[in-house]
Each structure stands twice: as C-alpha cells, then as structure tokens.
Amino acid sequence: MLMYDQSFVAVMTATKNEATALGARDFGSEHVLLGLLASDDDLTQRVVRSFPSLTTSVVRDAVHGALDDAPHLARLGISAPDPAMAATPRRAGGAPPRNKHTPELQSALNQATAKWGQLRRTGALPKERKVGSAILWLAVLEPAARASRLLHAMDVDADSVRTAVLGAMVPAGAGAPEWPTEPTVGPFTRLVQQVFSRTNVAR
C-alpha cells in the first residue's frame, strides 16, 4: 500500500483550503504550489530560503490576477485583472472544492513521478518508504504545469527551484542529480500514478 508522510498530507490539506479560498471547483498545480508554501514544511523552508520572493501572498495574487495569462491577454489588447481590484475570493464557510484535481495537475504528476522514479531506481535519489511533499514540488515545477508558468511570470526560474528541491533531497554535500527529460516508467512509478489518478481527476 502506498503511504504518504505528514508533509504530503499537510500540503494536500492546505491545497484544498487555498482552492476553496480562491473559489476553485477543482484544484490544480497552482493551488498545490500555494499549499506547499502554506504548509511550510522543512523542505519548503529550505527552498524558500533560496527564493525569498516565493510567499503565499505573492503567489496567491499571481493566481488570482491570472499573471500567467497576462502576456496572452496583452497581445489581444486586454489587461489582466488587478488582484487588488478583483472580487473578494471565497473564504472559510464557502463550499469546498470537490475532492478532485485537474487533468493539468494529473499530467504534471505523471511526468514528475516518472522522472522521480527513474532517479530512485538509479540511486540518484534515496528510496524513501513514504511519499512526501518533494513529489508535489517536482510536479508543480514541470514545464506544462500552470504553477511553472506562474513562476515564470513572476520572474522565478522553475529549473533553479527544482535544483534546490533535488539538492534538499540528497545527503548533505551531494550534488543535485540531473532531472531526466525522457524517463522510463517502472512498476513503482505506475503504482504512484494510479493512486494519484484513481477517482481523483475532475472530468
């Protein structure tokens, strides 16, 4: 049976809270990024020390103001909404999102778990017995994830953040492993992907 550690559970709880606060029906990679920052576990603290501009308030404003869509809207002659002028997001007491995540997030999780699994098989990353928040960090940093596009719009380099995450996952003094581009998928990775996707992806 696949087991999650406390950091994973805390991030997913915070993710659903953030999605609810922003009025989202389902949660995507942008809400997971907010959940990671809000849960503030040991790994996140190490990452944020290297990227102090990554705060919940800044990312929340970027999500609410659709900062990642601003360049596309500008080409159409449309201004992105000003987060300060946008409607007040739904807060505690509002209907929570369904216990489902977006296909965009599932795709990012599939890519990240395949690459993570390859690094585990080769010994480049430790084979932890439980799945922690690191896999969620790796998923939100996948190029196709909305969270990654938001970081780019915020002038935060997702590849550099990923290097910081990987560096925090290996023993002290060991260099961060190179992130695969075309990973092979092993049985453990397939199990992780099945667990993530089973009944949890919004249709």
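Here is a short tour of this predicted model, from its overall fold to a few single residues.

A word on ground rules: this is a predicted model, where local features need pLDDT of at least 70, side-chain atom pairs count only at pLDDT 80 or more, and totals for chains, interfaces and linings use all residues. Residues are numbered from 1 along each chain as its sequence is written, and side-chain values use heavy atoms, with hydrogens and water left out.

**The overall picture**

The protein chain has 10 helices and 0 strands. Helices here are DSSP runs (H or I, at least four residues) and strands are E runs of at least two, numbered from the N terminus. Of the chain's 203 residues, 45% count as buried; buried means under 20% relative accessible area, exposed over 50%, and partly exposed in between (1.4 Å probe, protein chains only). The chain exposes about 10400 Å², with carbon and sulfur atoms supplying 53% of it; such areas come from the Shrake-Rupley method with a 1.4 Å probe, and for residues only the protein chains shown count as cover.

Now for contacts, meaning heavy atoms within 4.5 Å. Among those between residues at least 6 apart in sequence, 75% join residues at least 24 apart.

**Inside the core**

The largest nonpolar core has 47 residues, and L54, L136, W137, V161 and V165 have the most contacts inside it. Helices supplying at least two residues each include α1 (6–21), α2 (29–39), α4 (56–64) and α8 (146–153), while α7 gives the largest share, 7 residues. A nonpolar core is a set of buried Ala, Val, Leu, Ile, Met, Phe, Trp, Tyr and Cys residues joined through side-chain atoms within 4.5 Å.

What does W137 touch? Leaving aside neighbours within four places in sequence, W137 is in contact with L33, L36, L37, L43, T44, V47, L54, V161 and V165.

**The largest pocket**

About 390 Å³ of space lies in the largest pocket. Its lining has 18 residues, and D5, L43, E128, G132 and A134 lie nearest the centre. By type, the lining divides into 8 nonpolar, 3 polar and 7 charged residues. Here Ala, Val, Leu, Ile, Met, Phe, Trp, Tyr, Cys and Pro count as nonpolar, Asp, Glu, Lys and Arg as charged, and the others, Gly among them, as polar. The largest share, 3 residues, comes from α3.

A pocket is an open set of points on a 1 Å grid over the protein atoms alone, where a 1.4 Å probe fits, with protein on both sides within 12 Å along at least five of seven lines; lining residues have an atom within 4 Å of a point. Grid points are joined across faces, edges and corners, and the volume is the space filled by probe spheres set on the points.

**Some single residues**

E30 lies in helix α2 and touches V63, E104, R146, A147 and L150, not counting residues up to four places away in sequence. R146, A147 and L150 are among the buried residues of α8, and the cover over those buried residues includes α2, α4, α6, α7 and α9.

T13 sits in helix α1. T13 and G35 are 22 residues apart in sequence and 7.5 Å apart in space, C-alpha to C-alpha.

| Residue | Relative accessible area | State |
|---|---|---|
| E30 | 9% | buried |
| T13 | 45% | partly exposed |
| D40 | 39% | partly exposed |
| D155 | 75% | exposed |

Most residues other than glycine have a negative phi. D40, in the loop between α2 and α3, has a positive phi of about 55°. D155, in the loop between α8 and α9, has a positive phi of about 65°.
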